[in-house]
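Please load the model in the viewer and keep the selection panel at hand.

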Amino acid sequence: MKAGIIGVGKYVPNQVVTNQDLEQRMDTTDEWIRTRTGIEQRHIATDEENTSHLAFGAAKAAIEDAGISANDIEMILVATVTPDQPFPSVSCMLQEQLGAKNAAAMDISAACSGFIYAMATAKQFIEGGVYKNVLIVGVEKLSKIVDWDDRNTAVLFGDGAGAAVIGPVSEDRGILSFELGSDGSGGKHLYQDQYVQMNGREVFKFAVRQMGDSSVAVLDKAGLTKADVDFLIPHQANIRIMEAARQRLELPEEKMSKTVHKYGNTSAASIPISLVDVLSEGKIKDDDIIVMVGFGGGLTWGAITLKWGK
Ligand code: UT7
């Protein structure tokens, strides 16, 4: 049995905070934020909208899109570093809200690489013949762990959720290969004490190298080359990092998803949110070869190649 994406969904809070809004509350400029990061605005949750709330919106949409019912879900994997509380997990809260009474549930902590980690894990359970449908969600409410007085980090992040149902697809489609990695020695460059702390330059250098290396490695594992890639969906952290990955794969501009200007960096949610947007714009068609690649705190990284379609 081959595992692939059979449904997708996203949910972002209504409240939009623009760069101009941030100019009013800290020593920054729209020009600095746009040229250094590509970000123009981000969606920020209210106090009433917690992580599980965002996750539920995306999960419900993905289940509907897959044309299955909550009872058909046998496992829920939620990738997040901003759960409502340490436990119960967001995935257990989601299990109840969805009424997914046949599902096992656990959260995955791999920061911005979390959605890729979740997809690789789901693939193992499905292709191992254990489960048929696994719901995976990347979700963050980063606004609650950002220091709104720290211009180095506050301008970068946004809140949101993206989800996919991973299920059986035809033999020649689905997830072709994955590549996961970690380097705990770099954990000091990006971590949370009370708030997010980041050595931006170190993370930037790591990200540029790793996004390129992981993309090339995951293609190699699938027996493919750069020339086979139809579309790249990179973690949406910074347009300059994304552009470096695109150039490493020698892809034209229109073959990479770009949503960082609308949502900022939504960590684990950025890849699935981007996927939903490019699908709705008709940029991906059946049998396209897609590379998804991400990096994040840990440090962690991950990449997936898949052939689109059920
Ligand atoms: O999902 C993973 C999460 N993290 C990342 O992806 C972050 C990776 N790193 C980056 O994206 C970039 O390093 C940043 C966007 C964070 C920073 O860009 P940079 O080109 O590396 O800038 P920099 O850190 O070298 O800072 C340049 C200047 C500094 O001023 P001085 O020391 O040169 O006078 C900063 O104080 O920009 C200043 N600065 C700001 N100025 C206006 C930092 N933040 C701001 C700001 N507005 N918001």
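## A salt bridge within one helix

Select E127 and K123: these residues form a salt bridge, with their closest N and O atoms 2.9 Å apart. The term denotes a side-chain nitrogen of Lys or Arg within 4 Å of a carboxyl oxygen of Asp or Glu. Because E127 and K123 are four residues apart in helix 5, about one helical turn separates them. A search of the whole structure finds 17 salt bridges.

This is a predicted model, in which local features need pLDDT of at least 70, side-chain atom pairs count only at pLDDT 80 or more, and totals for chains, interfaces and linings use all residues. Residues are numbered from 1 along each chain as its sequence is written, and side-chain values use heavy atoms, with hydrogens and water left out.

## The two domains

Next, colour residues 2-169 as domain 1 and residues 174-307 as domain 2; these bounds come from an automatic or database domain assignment. Their centres, taken over C-alpha atoms, are 16 Å apart. Domain 1 contributes 49 residues to the contact and domain 2 contributes 46, where contact means heavy atoms within 4.5 Å.

Between them, domain 1 and domain 2 bury about 3,700 Å², of which 68% is on carbon and sulfur atoms. Buried area is the accessible area (1.4 Å probe) that two parts lose on being put together, summed over both. Now select C112, I116 and I145, which supply 18% of the area that domain 1 buries against domain 2, more than any other three residues.

Which side chains meet D277 in a salt bridge? Show K10: its side chain pairs with that of D277 at 2.8 Å, N to O. The count between domain 1 and domain 2 is one salt bridge.

Turn next to the side of domain 1 that touches domain 2. The elements that each supply at least two residues to this side include strand 1 (2-11), helix 5 (114-127) and strand 7 (160-169); helices (H or I, at least four residues) and strands (E, at least two) are DSSP runs, numbered from the N terminus. Helix 5 gives the largest share, eight residues.

## Record annotation

Finally, select residues 219-308, which UniProt lists as "domain: Beta-ketoacyl-[acyl-carrier-protein] synthase III C-terminal" (unreviewed entry). Such annotations may be inferred rather than shown by experiment. Over residues 219-308 the chain is 31% helix and 22% strand, and the end C-alpha atoms lie 15 Å apart.
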